[in-house]
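Opening the notebook for this one. I'll jot down what I look up as I go.

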Amino acid sequence: MTPMNPPSKNGRKVGAALVVGGGIGGMQAALDFAAAGIKVFLAESGPCIGGVMAQLDKTFPTNDCAMCTMAPRLVEISRHKDIDILTLADVEKIEGEPGDFKVTVKLRPRYVDEEKCTGCGACAIACPLGKLKAPKEGESSKKPKPIPDEYNQGLSTRPAVYIPYPQAIPNCAVVDAEHCLHMSTGKCKLCQKACKADAIVFDQKEERVVLEVGAVLVAPGYELFDPRLKPEYGYGIHKNVITSIEFERILSASGPFLGKVQRPSDKAEPKRIAFIQCVGSRDHERDYCSAVCCMYATKEALLAKEHLSEHLECEVFFMDLRAFSKGFDEYYQRAKKLGVKYTRCRPAAVEEVPETKNLRITYLTEDERKAVKEFDLVVLSVGLRPAPSAQTLAQTFGLKLNPHGFCATEAFAPMDTGKPGVFVAGAFTEPKDIPETVIQASGAVARILELLPEAKGTLIEEKQYPPETDVAGQEPRVGVFVCHCGTNIASVVDVPKVVEYAKRLPNVVHAENVVYACANDSQEKIKKTIVEKKLNRVVVSACTPRTHEPLFRNSLQEAGLNAYLFEMANIRDQCSWVHMHEPEQATIKAKDLVRMAVSKARLLEPLKKKHVPVHKDVLVVGGGLSGLTAARSLAGQGFTVHLVEKEAELGGASRLLRYLLEGGLDPQRHLDDLISEVRSRLNIHVHTGASIASIAGFIGNFTTKLKTASGEEEIRHGAVIVATGAQEHRPEEYLYGKNPGVLTQRELEERLAQGSCKAKTVVMIQCVGSRDEKRPYCSRLCCGMAVKNALKLKALDPAANVYVLYRDVRTYGFRESFYTEARQKGVVFIRYDEDRKPEVAESDGKLSVRFVEPIVRQEAVLEADLVVLSAATVPPLENKELAQHLKVPLDQNGFFLEAHMKLRPVDFATDGVFLCGMAHYPKTMEESIAQAGAAAARAASVLANETMELEATLSEVVDENCDGCAYCVEPCPYKAVTLLEYKASDGAIKKIVEVNESACKGCGVCQATCPKKGIVVRGFRLDQIAAQSEAVLQEQASPETPEPAQQPVGAGEGV
Amino acid sequence: MPEKIDPTLISEVRKYGHFDVDACYACGSCAAVCALSKDSALFPRKSMRHVQVGLREPLLASLDPWLCYYCGDCSKTCPRQTEPGESMMTLRRFLTAQYDWTGLSARMYQSPAWELGALAAVGAFMALLIALFHGPMVMDRVELNTFAPVMTVHFFDWAMAAVLSFFLLSNVARMIWNTMFRGGSAAPLQSYIEEAWSLAWNGATQIRFRECGKNTARWAKHFLLVTGYGLMFVMIVLFLPWFQTDAIHPIWHPQRWLGYYATAVLAVFTAEILWSRMKKEEQIHRYSDLSDWLFPILLLLTTLTGIAVHIFRYAGWPLATYYAYAVHLIVCVPMLVIEVPFGKWAHLTYRPLAAYFQAVRENAARRREQAPAGPQGAEAQPA
């Protein structure tokens, strides 16, 4: 096969990629690369990865906790063997060619040895600069000023040595050399003394590394607009005027006020909060829409009401409410229902009332009155600006920036740059939200996988472990390791006492305390002890298994012990942290937790991970732009693709697109090129006029039956991509179909393309069939399409009169500048209210449109030659059937519902099935192409493996106990349990359930439902859990009282 | 009845000067920041919207452009830099032309050739009149009243005042018809009577100007200029025989110091207006239409030639005095003929009237609110 990217001259392809930027986009890309067999260098300019998302409290439109959804990813990246994180890293130089680059990266000193630092935080506590108080007003400030904490947007302070935030990865301190006393005076060094791990290295020097990579992904993100540039809003002058990101921190439980919503001036609870939209967006200097602010303001208003009270007044001052993506309009409607007030006016200024520090805003009400209102807090919805490093990165990599300063890309290759082998993703190319960023990141990964198909897996090493010791039938020999975590645990919990207590627990043959259980030396110690003391169960009593369990399991394996003979007691989060002021109680609880862990550990058994083979073919359902793009990408990556299209022709809804809003490129040409390439590829099998009769199987092993004109066909494949698209709704209102002068936008586009549109006056009506009771969602495309066609009409005849009747103009991102251009060319935009829709009438064949101009409040009428309806984009009805075949959900509007709206926008909850294009939601060609790439990359992460490793802690049917009652079948959220009927040897029909281990996640719902102990989760068997429960109920033996009685122990007991 | 949209309105308005509402997305910050706009007159957004959408009749019926004194706050605030303040200025020109039934105003605003040509024609006519009808030129001493007999000039004054008043008042009648009767519900006579004081008060003080923006110096300067202009108008139109004398009165004589005061403020403030327009430092002076220049230039020239007449008379230079007087009239008369009914001068009439009508409208609205609902309430309004 021929790779689409030019091969390097020497033909060398390096199986590694550099990702520049450790935000959510860079993180997604790193994980996708690693899953597909590409070694990753993740270079972040700051001290830790996570980006802006780490600062967010919750995310719209699901109100999921941002940190909770991203923390598992942070952890996964931090411990992934194929991802190297480089922090405080600046890319300096790139040489070589696509497939074989040499990139020079400068690493600024952290002054902390990452290998040694355990992230305990003792240094931060010791730093004297962390205890500085802000000088009071008027007080002379010769003393050193407290250092503003960047994570909390300067609303709190931090020491000069610090971990940016608790979940930061790398979980390692950093010295702020600019402020550090030792750096400026040569004295202090208190942190060095406090560090038990000896990790502070003041003489660390700047370093340079040269990375050999096949390709580069640049995803540096964005920065927020500095509202000081708009002094009329008083930011930096009035204390209670804050930015949206500051408010995000205020809302956050980990924020400066610990989640209490207070205003900065007097820490009082605000009763009235105003949100001002478009601060630094959509103005003369920045003619683009920042695309995320309408939704984040809505979210912040909702959360503030949740935090304080439903009576909290929240008023959002906006111009157009741009709720244009999946679930957004519904979210906006919900906010309105919950009492968030939306006022369509851009306030000119914010004035402070000097006595109360309240803020006064003058604005126009929706019913055209002038009002002055006082608020306790004003939140400025600041816009997105190009990343601070955009200029430098553009120079280093030879990228072009657009007039707004973002990276310039083309619609049909949204992640490509002018420089081959260098790709971009995220807000670097245009302001966008988290899912769009994640989609582009995965999409860029697909482009790079296309470039490096033969290099996959070349730099990935399999880890080798010594053979496992057989512990079957052995008496448990438990070793307990209790961690001090520096002072993190030991300052509250009496660790030596816990050790002494552990020593007396049944089957415990060894117990000791370690300063940092996770540090390298402790790991070695644990391994040595396992061998020396012939331990066959290990308990570590330290922090959370969420971050550290894999590390300890790895040590067990290295010592020749099965990884599942391990149990953890979290005495940090659950003892020293939450009972910080009750050390005795905390110690008692730590002993309880250790006792529970030991009780369970005694019953642990070795478990084996199963492997299932992966079929390397992929099924793509839908032959439109998205399906074609995904198919081409996967074929380019070396996989065999089956592309199924129900129509006789490929191309789908894009066949109707004749122009792009941005102008220039011809959509039909791109589509034709794409189709001919797909048709010519040997590893793409195109099935047109085909429908899906059935799909069976699971990730890695699907079997699909196709119905075609020539009969049935069976395909075996490892993954599925759903790209079934969407179509234009046929309106029933506004005389559509009754008068030939009433068209849809796509029909107008066709006429414009043929040059057969001779209308003098054209009236466009937006939201026809969208944003109503039947279809509460925004069709996203129509505003851009109306602007596009209006501009085309004006280009063909500058004297044409074009009117657009709209509800909100939702030209998000750079589309805004075309909205401006349309106004400048004389297109008249007139808003209408949902409850006063325009009326289209006909008399003597002449069309007229009646409407109310809402600003002058004047009823008016227009005689029109053409009335153009911006009809909704609707999902095909066949989605329902396909969803059933695939066991995946649809949303209430009939679009496919992804696994997670923010972080898994192309995945389904069902593994091995992916989603792209308008099957997900209405979107532009550019967005569909990005998501098609993303689906291809996600599918590649499945197909790249020869076998799929399954988690060992899965459900297992106990044949002798299961009577086939099937209670467990329905509750299983992963559809992993099925009921079987079979003929027993005595001829009777018997029933039993069966678990599909590829689908099972080990959640335990089945075990909880089963009345017969007929289904269990390995590693969490009822007897194991019972042992833990019994242990917690046991009276704790005081050192004076005799030991708890030895309990009978037997492996496999209770099964 | 729904209003018919007129797509040609915006291009027509553009002929009267700067009108850049193209980038406007009707965000409302202009009307929010404006110190003078209020519920009953939410300009400049509404006026801009009338033009943008093509609502000709509602625009003609609106008083809003006259209620704006152009402090420039809206233009400074506009996030799209669409210059609403300057657009209001253009609308005042447009409305002046709409009120004028002769069509001369429209022609002169739209064409510099027409405007300058008309001024030159009237000036030439004036020169001809003087050449033909001036009195004997006494050369051994200055006898202005022999060269230009004061009663002849006074009669000419009155005749010109009558003609110009006819044109101006007929235009005012059209303004009243457009704004107070056509389309909307007429205000009761009671309202006109109750609010009559505001006409005199606003005309005399331009007090609304004082509330416009933060810079009250603009109002003070304008107020002083108006006092000078008004004083000169009274002295010339009503008391010319007392004002134009050959005898030189002592300095404490009111003719002297009143004349000096009026001359001084006219000279200083017209010069100041022209100077700021040239500097373009302030937002409000970024754009200048020909008509913005002509009125102050002519006023300044009139004042300067008037000063020249006075100086030459003092110096005892007869010929210079007569020529200066002739030039004084050749500048002054065209200025008045063209600017009073058809040009910028007309704002002296339209602004206080608009403020008055606005007060009448608000008065009528209050009455409507207070009137008991039902047919009686509606009938209570006189036609």
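Predicted model: local features only at pLDDT ≥ 70, side-chain atom pairs only at ≥ 80, totals over all residues.

How far apart do the C-alpha centres of domain 1 and domain 2 of chain B lie? I get 27 Å.

**Chain B, the two domains**

I checked the bounds: domain 1 of chain B covers 9–99, and domain 2 of chain B covers 104–358. Next I looked at who takes part in the contact. Domain 1 of chain B puts in 27 residues, and domain 2 of chain B puts in 32.

Then I went through the domain 1 side by element. Helices H4 (56–60), H5 (64–67), H6 (73–77) and H7 (84–99) of chain B each give two or more residues to the side that touches domain 2 of chain B. H7(B) supplies the largest share, 7 residues. I also sorted that side of domain 1 of chain B by residue type, and found 14 nonpolar, 6 polar and 7 charged.

**Chain A, a sheet**

I moved over to chain A and found an open sheet of 3 strands, in the order E33-E34-E35, with antiparallel pairing. Which strands stand at the edges? They are E33 (691–698) and E35 (711–717) of chain A; each has a single partner strand, so one side of each has no neighbour in the sheet. On average, neighbouring strands here are turned by 15° against each other, direction ignored.

I took a closer look at one pair. E34 (residues 701–708) of chain A pairs with E35(A) in the antiparallel sense over 7 bridges. What stands opposite A:Lys705 in E35(A)? I found A:Glu714 there.

Key:
Residues numbered from 1 in each chain as written. Chains lettered and ligands numbered in written order. Pairing = 2+ DSSP bridges. Helix = DSSP H or I, 4+ residues; strand = E, 2+ residues; numbered from the N terminus. Axes fitted to C-alpha atoms, helices over the stretch in contact; angles between N-to-C directions. Domains from an automatic or database assignment. Contact = placed C-beta atoms within 7 Å. Nonpolar A, V, L, I, M, F, W, Y, C, P; charged D, E, K, R; others polar.
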